[in-house]
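The following report concerns a predicted model, and turns to aromatic pairs and then to the sheet with its helices.

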Amino acid sequence: MNEKFVVTIARQFGSLGRPIARLVSEKLGIEYYDRDIVEMAAKNLNLPISTISDVEESAKSAFFNMNYPLGMGTTAIQDSIFSVQRKIIVDLAERESCIIVGRCADHILKDYKNIINVFIYAPYEARLANCVERLDMRPDEAKKMIASVDKARESYHRHYCGYSMSDKDYKHVMLDSSLLGVEGTCEVLVDIIRQKFQLLVKQ
């Protein structure tokens with residue numbers, strides 16, 4: 001199959017969705033897009049990056065921007081960013097095969113023919129352990145981040161898509177990453193993608 005395809009990955013905080021997505025992209029030899037989509041949107045809108053940086057610094061948390069998928073600002077500004085972001089995601093899908101993490105890509109590309117929508121989750125205790133062991137967070141900090149990021153992502157997705165990011169009616173694959181870990185979950189996804197799109201995966 002020579003047609004382009006897209007894999008969208010939504011994930012719970014601490015489920016290791018990001019490293020899984022990155023590894024899948026390496027195995028398949030296709031691009032992986034995450035936070036850089038927001039940066040491209042901000043650049044296109046000529047937003048003052050210094051303002052966002054000041055807010056992040058004042059929060060004194062390296063993970064602060066995960067709470068706000070579009071950064072800080074008024075609803076009008078966030079809506080403008082989302083509109084530009086939508087165009088970027090559509091352009092990426094039309095240009096190349098790729099993996100897109102978050103950003104409501106499943107909804108934005110709902111009419112796209114060659115797509116697999118994935119949701120990666122894990123039990124609370126596994127996510128807490130991942131935050132402490134892999135992200136070097138204190139247990140109390142990890143608990144607060146899991147609660148706040150989950151709430152922010154869910155609110156964001158419901159606002160722009162009209163449904164929960166974990167709604168099975170809008171997903172093709174839902175995986176508990178604690179079952180097989182990053183490597184194992186990656187292998188399962190690569191195999192599904194390969195079979196769906198008849199790919200020869202890079203070794």
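Phe5 and Phe197 are both buried, where buried means under 20% relative accessible area, exposed over 50% and partly exposed in between (1.4 Å probe, protein chains only). In this predicted model, local features need pLDDT of at least 70 and side-chain atom pairs count only at pLDDT 80 or more, while totals for chains, interfaces and linings use all residues. Residues are numbered from 1 along each chain as its sequence is written, and side-chain values use heavy atoms, with hydrogens and water left out.

A search of the whole structure finds 4 aromatic pairs; rings of Phe, Tyr and Trp (its six-membered ring) pair if their centres lie within 6.5 Å, and planes under 30 degrees apart count as stacked, over 60 as edge-to-face and the rest as tilted. Among them are these two:

| Stacked pair | Centre to centre | Angle between planes |
|---|---|---|
| Phe5 and Phe197 | 4.6 Å | 20° |
| Tyr163 and Tyr170 | 3.6 Å | 5° |

Because Phe5 lies in the segment before β1 and Phe197 in helix α8, their pair ties together parts that are 192 residues apart in sequence; helices (H or I, at least four residues) and strands (E, at least two) are DSSP runs, numbered from the N terminus. Tyr163 is buried at a relative accessible area of 7%, whereas Tyr170, at 39%, is partly exposed.

The open sheet has 5 strands in the order β2-β3-β1-β4-β5, with parallel pairing, and two strands pair if DSSP finds at least two bridges between them. Its edge strands, β2 (31-33) and β5 (173-176), each pair on one side only.
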